[in-house]
Amino acid sequence: MTAPLLKVRDLNVRIPTPGGVLHAVRGVNFDLMPGEMLGLVGESGSGKSVTLRSLIRLHRPPIQMTGTVEYGGKNLLDSSESKLRDVRGGRISMIFQEPMSALNPVLTVGEQIGENLREHKGLRGKAAQDRAAELLDLTGIPSPRARLADYPHQFSGGMRQRAMIAIALASEPQLLLADEPTTALDVTIQDQILRLLLRLREEMHMSVILVTHDLGVVAQTCDRVAVMYGGRLVETAGVNDLFHAPKHAYTLGLMRSLPGAGEHRRPLQPIPGGPPDLRSLPPGCPFAPRCEYVTDDCRVGEPPLLEVAPGRFSACVHYSELPALKSTPEEVGV
Amino acid sequence: MHTSYVLRRLLQIIPLFLAVMVLVFTLVHLIPGDPVSTLLGDRATPDIVARANKELGLDKPLLVQFGLFVNQLLHGNLGESINLKIPVLRLIGERLPVTLFLTVYAAVLGVAMAVPLAMLAAVRRNTWVDAVIRAVFQVGLSLPVFYVALQLLTLLGARLGWFPIGGYGENFGEHLFHLFLPALTLGLNLAAILVRTLRNSIIEVLTAEYVDFARAKGLRGSVIMTRHVLRNALIATVTLLGLNIGALIGGAVITETVFAIPGVGRLMVDAIFGRDYPVIQGLTLMFALIVSLVFLATDLIHARLDPRAELS
Amino acid sequence: MTTMHSPALEVAPRPRRWPKPTLLIGLVLLLVLIFAALFPQALARYSPTDFDYQAILKGPSAAHPFGTDNFGRDILSRVIHGTRIDMQIAIFTTLFPFIFGTLLGALTGYLGRWSDAVVGRIADLVVVFPFLVLVIAIVAVLGPGLMNMYIAVSAVGWVSYWRLTRAEVMNQKKAEYAQAGRVLGYSPSRILLRHLLPNAVTPAIVYLMTDMSLGILLGASLGYLGLGAQPPTPEWGVMVADGKNFMATAWWISTFPGLALTLAGVTFSLIGDGLADALRPRA
């Protein structure tokens, strides 16, 4: 068996707020294999984006990150700023949800690719220009050479996302972190961008961690899924296994709130209530207050993430009682 | 940036300036009583007043007078100073360069103080460094310009003798030397106005997502600061400078008076005490023209620096 | 059975917003200034205008903490008595622009169309004149003195209030309750005065405080130039001008009134900042 590309152990992120410390990520562990595409799924406020950003130590003080993020034998959370910079943006790149706010409005797209090429590939001048045009072409932007001189606001939404992907790929990373890359786009463009990501993963032999709140997106693209709730991972599984039979009541709830999932069409069932307040969590399973399977056992202590079947982990007391949905990723995919 | 845009903006100034002329004309004709009698003072006999009125065209209807006024303006004639017996336009030509030198000098000093300090305060926001910078400039904002001028003049000029206490000098180097204290006075005032807004807009840039994206690209801090933050801060600075041109000119009027600098600001104050209405009228028009041109220039520079501005 | 405990439904306790210390300092300073303005005799040991040829140009001492001027007048007493004039300047340079600008802003913001366009052009016209230049030009026409200065400032200063209120009224007009009021059949004047204006006036009130510190500075500047308050009125700007020829030998004549001016300016800007913070809409 090959060694994991990235090993995350006991990752914790604490965000001080006026109303108390927000424990946004609480002891997250996972491995990522080379070439794997992992979906990190959860509602807004579940800590999935905060987790993603801490993988390259993007949070700034006073936000605290503890634990280890092991990449290439080093812990990125305590390596020096200059070592970290080689990895960050070099071996591991990241794309953001809103290309309009993530791209600097006063620099041309060419300049924004160029600074990446200079930093990580040592390319300047003509060589950098050529490579930048190649990258735009690779991400499917028509007449790439001419568009290098354009500013972000001159691109359409989908093209802007492609440009951001081109910038992120300039360093030919081993791992791409994608933070809700399609949420801001309309459905047809969303589909194009996902296909682009899949194609680029093949062509560039990358691993991808895709953060999304949309199980449909996961179904269409990912190999494995990690479900987050209340700052913790509550279930991880291969994508087929997950859609066939979720092993956490929360995952089940998520699936039931999707249209067209399961063997029979039935009315959508949204999960009642809202995400927990991470500043003051009750003891026990954080999902318990919203869970239809809840019993007193759920409130005793927070259930740990345990291997419940080969390659499947769940933090649900009642995992064995949950019905199989027998759906497939293809049914849910967009 | 397109030439048509520049042209359109220039054309917009014409109606505005026409209104400025109406306003200034009305203002001067609001002088209570008979202006000629006021001007001539004791020498005013009914005979002389009537003759002067006829000479100045003051016996004609107001509308006709306004027509004559505009016609003269279009021919570059702003009238003649009553006290100095010099055409107002020539006076402006002699004095304006001094004021321009002073204000540009002050703007350079002010920006040189404000931008680094605003950046420091923004980077170290909510620490004691930030608190001290903000407190100092909050007090600075409340320091009257004439008071700062007087104290600097006394301390660094008269007592320590480091700088001359007035005048303008003969060449560029002397201008720099003579105008240092006045420019410092004005520059401190300007910096106080700039620092606070600039700090907030730099914080906005620092917390913008594109800075996080730049960090995610692995760029070093210095590159992010210069390419991503400073450039945006510069745009904010230009806009702020343009908006505050009025305050800068007002400050120049006071500073020139305190330091006895032969610029248009001091000329204005002298003209007011000498009741030299043609000079007051000409200078008021000139100041309005300068401000509207600076507003225009600000818009154009802004459009050059910020590609998004072109759209509007 | 245990009771359902749902943290998701509980609202996290909102951190109480105490006024910041800077606002408190500002308010305390304001009380001191108001007291000095109302009861100068209670604080000052000497008359602000009587000459004392036995004590000419004396430096700070126990008898005269801020020293005396070339007529033997006690600077501390003059500074204390000056408070009333300069507070009066702060109020009258801002009150009329505030009332006029706010009402006009509410009206044109509500009516829109040509009224808004006309006032907008006038505002554009006013702002191309540097504030101080236009004010001293008007004072030049009307003649020096406090009253004429107030008239001049009012003619110019309304623009900021007009802009702030107009923008706010236009926002509020879109808000639901104005629509609701219209459906209920309220008259436009009732909607404007009872519903829109009280809500839309907040930014103008916040600006009023900042403007007061600018007003004091402007009044003192005109006083210094000889176009505002006239000697022997103990106005701080006039007092700084009185001492300017004695700066080398009797620095205290100008220095203390200038510090008083700065203190008053800081007071109003601290309160302005504090108000802006406290009245900012909460998320």
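1. Read from the N terminus, the elements of chain C run α-α-α-α-α-α-α-α-α-α-α, and chain C accordingly holds 11 helices and 0 strands. Helices (H or I, at least four residues) and strands (E, at least two) are here DSSP runs, numbered from the N terminus.

2. The model is a predicted one, in which local features need pLDDT of at least 70 and side-chain atom pairs count only at pLDDT 80 or more, whereas totals for chains, interfaces and linings use all residues. Residues are numbered from 1 along each chain as its sequence is written, and chains are lettered from A and ligands numbered from 1 in the order in which they are written.

3. Of the 283 residues in chain C, 48% count as buried, a residue being buried if 20 or more other C-beta atoms, placed from the backbone, lie within 10 Å of its own. Among the contacts of chain C between residues at least 6 apart in sequence, 70% join residues at least 24 apart, where a contact requires C-beta atoms, placed from the backbone, within 7 Å.

4. Between chains C and B, 32 residues of chain C are in contact with 34 residues of chain B. On the chain C side, α4 (113-127), α5 (131-142), α9 (202-225) and α11 (252-279) each supply at least two residues, and the largest share, 8 residues, comes from α5(C). This side of chain C divides into 23 nonpolar, 7 polar and 2 charged residues, with Ala, Val, Leu, Ile, Met, Phe, Trp, Tyr, Cys and Pro counted as nonpolar, Asp, Glu, Lys and Arg as charged, and the others, Gly among them, as polar.

5. For chain B, the unreviewed UniProt entry places the feature "transmembrane region" at residues 12-31, 98-123, 135-156, 176-195, 233-259 and 279-298; such annotations may be inferred rather than shown by experiment, and the positions are given in the numbering used here. In the model, residues 135-156 of chain B are 91% helix and 0% strand, with end C-alpha atoms 24 Å apart, while residues 176-195 of chain B are 95% helix and 0% strand, with end C-alpha atoms 24 Å apart.

6. In chain A, strands β1 (residues 6-17) and β4 (residues 64-71) run antiparallel and are joined by 7 bridges, pairing being assigned if DSSP finds at least two bridges between two strands. Within this pair, A:Val13 stands opposite A:Met65 in β4(A).

7. Strand β4(A) is also joined, by 2 bridges and in antiparallel fashion, to β5 (residues 74-75) of chain A, with A:Tyr71 opposite A:Lys74 in β5(A). These two strands form a hairpin with 2 residues between them, and A:Gly72 in the turn has a positive phi of about 55°.

Conventions: A residue is buried if 20 or more other C-beta atoms lie within 10 Å of its own, exposed if 12 or fewer, and partly exposed in between; C-beta atoms are placed from the backbone. Two residues are in contact if their C-beta atoms, placed from the backbone, lie within 7 Å.
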